[in-house]
Amino acid sequence: MRSIPGSSALLFAAFSGALAALSGCKAGDLAAPLPAAHADDPAPRRGGILRLSSFADIRVIDPANVADGLVPEVNNVLFAGLVDYDEAGRVVPDLAERWEVLDDGKRFRFVLRRGARFHDGEEVTADDVKRSVERALGPGAPNPYASFYESLVGFAAFQSGKEDALRGVTVEGRYVVDFRLSERDATFLPVLALQPLRPVCRSAGRRYSDAWTPCGAGPFRFVEGGTEHGRHVSVVRHEGYHKPGLPHLDGITWTFLVNLATERFKFERGDIDVLHDFLQADVTRLVRDPRWRPFGAFDVERQIGGESMNTEIPPFDNVEIRRAVAAAIDREHYRLVRPANIRPFGSPVPPAVPGYDPAAPVQRFDPAAALEHMRKAGYPYDPATRTGGWPHPIPYYVYRTGLAEYTAQILVQELARIGLRLEIHVVNYPTYIAFTGRRGKAPITSYGWQQDYPHPHDFFDPLFHSHSIAEESSNNTAFYRNPDLDDLLDRAKRELDPAAQKVLYAEAQRIVCDEAPWAFTHTFRFYDVHQPYVRGYRPHAVWTHRVQESWLDRTGADGPRALLDHGRREALGALLGSARDARGRR
Amino acid sequence: MTRRARLLRHRGFQIGALLVLALVLFAVLGPIVATHDPLESDFVRGLDAEEMPVGPSRLFWLGADRLCRDQFARLATGARVSLVIALLATLLSTTLGAAVGIAAGYTEGERVRVPVTSIALTAGAIALLAAGRPRLAASALGAAALGLALGRRGPSLPVDLDALLMRGVDVLLAFPFLLLVMAVGAAFESTSVVTILVILGLTSWLGTARIVRSKVLSVRRLEFVVAARALGQTTPRILLLHVLPNVAGPIAVIASVSVAQMILSESVLAYLGAGLAPPTPSWGKMLFEGQDFFTGAPWMLWAPAAFILASVLGFNLVGEGLRDALDPRE
């Protein structure tokens with residue numbers, strides 16, 4: 001044998017045992033929150049570095065290339081947009097002072113604030129807006145959200161390189177810029193409030209390039225050497241920020257690739273100020289602990305989860321089988337996989353999305369109906385004798401170590417009760433993504449959709465419109481095609497009246513819940529908890545860690561400790577430096 | 001004192017044998033006496049008031065897991081899985097390692113005439129393997145081996161079999177074991193007991209081959225082997241009747257330690273997510289699932305960890321006992 005030497009094997013085994021023996025000791029007890037120094041004083045205080053962390057890492061800091069789920073946090077404090085979202089998810093002015101809707105909804109005119117400045121001190125003008133839009137939507141930009149802006153006049157010609165400028169964006173004065181659309185588009189403002197088109201400094205150039213120093217007009221600015229890949233990112237206050245008095249913080253640091261348990265212990269020590277990632281046992285305890293409850297909050301639900309059934313592959317090409325699956329799943333069981341974060345839900349749009357209609361039909365657990373649908377499908381199943389049902393095992397693909405690996409095991413049990421036998425195939429994440437988006441490959445998969453912008457279109461269009469079907473990398477993983485639904489969604493996108501739009505999306509929801517290309521199962525909500533000395537921290541409907549208005553109110557006890565820690569680091573650094581010098585001299 | 005007496009008086013062997021016996025009994029009887037189906041969730045009784053998995057109780061002897069399944073039933077079924085994989089993978093790796101070691105050691109310093117057809121088939125097998133046709137490659141390799149064993153007719157080439165085999169072993173030893181196993185495991189769209197045991201068996205024979213070869217090098221020079229060759233006995237007969245019995249001791253020791261390694265390897269693979277597909281229970285996977293709960297439901301971690309510890313310790317102690325008992329210096 002060469003795998004692991006015997007002594008190492010024993011050591012490994014002994015280590016496992018020791019770890020297990022230690023695990024039950026004190027790890028379950030939560031430390032007390034670290035109090036604010038002036039809890040009764042609502043006036044913000046200036047200064048201090050906010051320390052955040054994550055188990056993940058970021059790839060690149062550029063609004064034109066939002067390449068992972070974590071970087072929007074960083075982008076959000078570095079880059080300001082013409083418009084932004086408020087805490088409730090409504091579009092509000094930011095760099096734009098105001099806007100007008102002209103030409104029956106086909107033209108948006110934005111008037112910029114005067115005196116708003118980039119981090120390099122230059123004023124933000126309409127030219128910068130156009131240049132930044134063209135930089136983000138140009139042929140060379142790896143912008144994953146570019147298609148969101150396809151209703152801009154001349155988008156296709158500009159993206160393909162046939163035209164040098166984007167005709168749909170025109171400068172009408174130093175502080176006035178127009179966006180012209182080829183047709184009315186109810187999603188235009190919500191997608192404009194996202195990050196890709198946010199103005200960047202002139203030094204970024206007219207075309208996208210990997211080699212640049214992040215520079216925008218957000219409340220914090222990037223510092224040279226402030227990032228180390230896979231370790232941390234630091235930003236400091238932008239003194240020229242256009243909102244008077246903001247930000248209160250001197251700066252923010254993110255530390256990356258931190259183990260979940262380590263994050264918790266650092267948070268309890270006050271080495272991290274806000275905690276966003278949790279072990280399941282910890283989030284349950286924090287939510288229930290009365291000492292911590294005032295300082296924790298759930299984000300609004302921005303994502304849905306479910307079982308996507310490929311409508312082109314048997315047995316899910318049979319609508320009755322799909323209806324049977326949708327009725328057979330007890331969504332409460334899914335919740336128990338992660339009780340604090342998962343909520344049972346049988347609809348394609350999360351409840352927090354504007355336009356969500358609670359009165360619209362949803363999918364529900366109904367075992368008798370599920371068996372009836374199996375009978376109608378021609379595959380009756382008798383639960384007493386466990387006979388009948390679909391005669392073949394059905395492959396079910398999930399990726400390793402994700403939540404779906406657990407919900408899959410529940411699904412196997414639920415569907416066995418109506419005569420559908422699933423075989424779980426665990427693959428790595430890229431394979432899973434490839435299989436789910438590949439035509440004719442996966443009969444049924446676990447799938448989820450995270451909101452890009454708070455609008456029902458962001459859920460219906462990519463997941464269920466037939467134009468989202470592709471041979472590879474199909475967003476419509478159910479390969480569902482329904483001309484009536486397509487027409488409904490197209491009309492809803494052009495409809496600017498919210499009431500009329502709501503009626504159209506309610507009808508779309510009825511169709512999708514009834515024809516069941518997905519069995520919708522749950523929504524997922526993240527939990528944030530902060531130390532009491534982090535003030536003005538509130539959950540946001542769209543962004544994670546919206547800290548522009550936050551301030552720090554540490555007690556004297558924390559202050560000296562932080563200083564002491566800083567002093568220790570300095571002393572250690574000096575010591576190491578002198579040792580290096582000594583070696584160099586030798 | 002006889003070897004058997006030395007073995008039975010060996011304290012480590014006694015403890016190891018007891019642990020192994022307990023493990024075997026647990027694997028055989030555990031699923032029978034368990035009060036729950038290992039694959040069935042009990043959402044009503046499997047959670048406490050805080051919606052955490054319940055701890056050890058009369059209903060759930062070793063607590064429940066995060067999907068409210070009985071840990072005892074899953075550990076017992078996991079024990080069967082671990083034992084079956086470990087024993088069969090050990091059989092495979094030991095057989096392969098012993099065959100290569102004996103062939104290399106016995107032909108050391110000589111050039112063996114290998115039929116050209118076998119050489120061609122081996123080259124073809126490597127090409128097929130590179131082309132992603134493992135089944136055809138295995139068939140070709142089997143045919144090559146058959147040709148090597150039986151082929152006395154037709155054209156042949158003199159080959160330094162020992163150098164060829166041992167340099168092959170050196171090359172394979174250079175691969176990091178876990179990386180190799182995970183890469184092979186990831187190449188399969190789904191993993192079953194057979195897949196795992198074949199992967200482990202085919203990647204773990206290298207050390208055995210080296211040890212057996214070194215032992216054969218000394219055995220082949222003993223008088224009775226030299227005499228058998230002088231009397232004209234066939235090579236297969238000499239290897240089976242004279243060489244193999246004299247290297248059986250080391251092989252038995254390697255095999256018993258190998259079982260422990262296989263249990264550990266299977267657990268590591270499962271822990272890293274490259275093991276058996278769920279919902280089949282596996283100790284390594286249970287360990288992985290338990291770590292998310294170590295602050296709230298520690299039994300989910302210590303139960304599989306304790307079983308891994310006990311079984312690895314048991315087989316290692318048995319191996320140590322065998323080694324001491326068979327040591328000619330004692």
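Predicted model: local features only at pLDDT ≥ 70, side-chain atom pairs only at ≥ 80, totals over all residues.
Local features need pLDDT of at least 70 and side-chain atom pairs count only at pLDDT 80 or more, while totals for chains, interfaces and linings use all residues. Residues are numbered from 1 along each chain as its sequence is written, with chains lettered from A and ligands numbered from 1 in the order in which they are written.

**Exercise 1.** Work out which strands are the edge strands of the open four-stranded sheet in chain A.

*Solution.* Start with the order, S1-S10-S9-S8, where the pairing is mixed. Strands here are DSSP runs of E, at least two residues, and helices are runs of H or I, at least four, numbered from the N terminus; two strands pair if DSSP finds at least two bridges between them. Next, look for strands that pair on one side only: those are S1 (49-53) and S8 (220-228) of chain A. Now zoom in on S8(A): five bridges tie it to S9 (residues 232-237) of chain A, and the two run antiparallel. One bridge partner to check is A:Val233 in S9(A), which goes with A:Thr227.

**Exercise 2.** Decide whether B:Leu47 is buried or exposed, or in between.

*Solution.* First find B:Leu47 in the loop between helices H2 (11-33) and H3 (71-106) of chain B. Then recall the cut-offs: buried takes 20 or more other C-beta atoms within 10 Å, exposed takes 12 or fewer, and partly exposed is in between, with C-beta atoms placed from the backbone. B:Leu47 has 17 within 10 Å, so B:Leu47 is partly exposed. Finally, a distance check: the C-alpha atoms of B:Leu47 and B:Thr195 are 35 Å apart, across 148 residues of chain.
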